[in-house]
Amino acid sequence: MDCDALLKALICAAKAAFGANLTGIYLHGSLAMGCFNPKKSDIDLLVVVENLPSEESRLAFLSALLMLEQNAPAKGIELSVLEKRACKPFRHPCPYVFHFSPIHLPAIQADPAAYVRSMMGTDRDLAAHCMVLHQYGKALYGPPVPEVFGPVAEADYRDSICFDVITALEEIDWEPVSVILNLCRTLAFFRQGLCLSKAQGGQWALEHLPKMYHSPIREALACYDAGQDMTPVPLARSFARYALEEMDIFQM
């Protein structure tokens, strides 16, 4: 199933599960930013509801997502369901009332009802998602983005993206492409206030960061573009340490 067909099916599933409680469905991430790679990217969505959905409706939506996930790109679908009141004015860390990601499939398969009940809380990542949504996102269903989502404060966005990369040294060996490019785009914000995709962040880094780190950045970009894995190299770890020191976020 191609992405357009998948998104149309997801809209139908959300309407069926949430009914009149559904406010809108919003696309963010690489597919919205024009750098989607079916081998390396997931489909990122935010679903907004008027009020807390019943457990029954969340289970129905989860069941539909499990079916759609079978025809999704390699990294699958990742989405959060938010109550409208949490979106405008935007609250950080933002509360969510449901979350779905392929990494949770074992828990879902073990006990779907328990999973649904547990997937409520706050998520610091949502500030970054909503900032991207404002700059690049698309309303797939419902009102335009500015009508539903309030602006994200710069301090909240900074906290969110720093939280995302603070474990870079722990993750660089098993996911070097994503870690390197995430560090690049985070540095772009720290230095120039730019909100970039992974691919844009890598290109920015080649123009603004020391040449000694260009080799792993170029390799990460090439692997990202080709949908291939990257063999970890010592210079990648050195770059991660450099980036974290530049941002002074070792001790967040």
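Two strands are said to pair if DSSP finds at least two bridges between them, and strands (E, at least two residues) and helices (H or I, at least four) are DSSP runs numbered from the N terminus. This is a predicted model, in which local features need pLDDT of at least 70, side-chain atom pairs count only at pLDDT 80 or more, and totals for chains, interfaces and linings use all residues. Residues are numbered from 1 along each chain as its sequence is written, and side-chain values use heavy atoms, with hydrogens and water left out.

Strand β3 covers residues 77-83, and six of its seven residues are buried, a term for under 20% relative accessible area with a 1.4 Å probe and protein chains only. Strands of a sheet pair through backbone hydrogen bonds, either parallel or antiparallel. Strand β2 (residues 43-49) and β3 pair in the parallel sense over seven bridges, whereas β3 and β5 (residues 98-100) run antiparallel and are joined by three bridges.

| Residue | Bridge partner |
|---|---|
| D44 | E78 in β3 |
| V49 | E83 in β3 |

The open sheet has five strands in the order β5-β3-β2-β1-β7, with mixed pairing. Its edge strands are β5 and β7 (138-141), each of which pairs on one side only. Helix α1 (residues 3-18) packs on this sheet, touching β1 (22-28), β2, β3 and β7, where touching means contact of heavy atoms within 4.5 Å.

Note on methods
Buried means under 20% relative accessible area, exposed over 50%, partly exposed in between (1.4 Å probe, protein chains only). Axes are lines fitted to C-alpha atoms, for helices over the stretch in contact, and angles run from 0 to 180 degrees between N-to-C directions.
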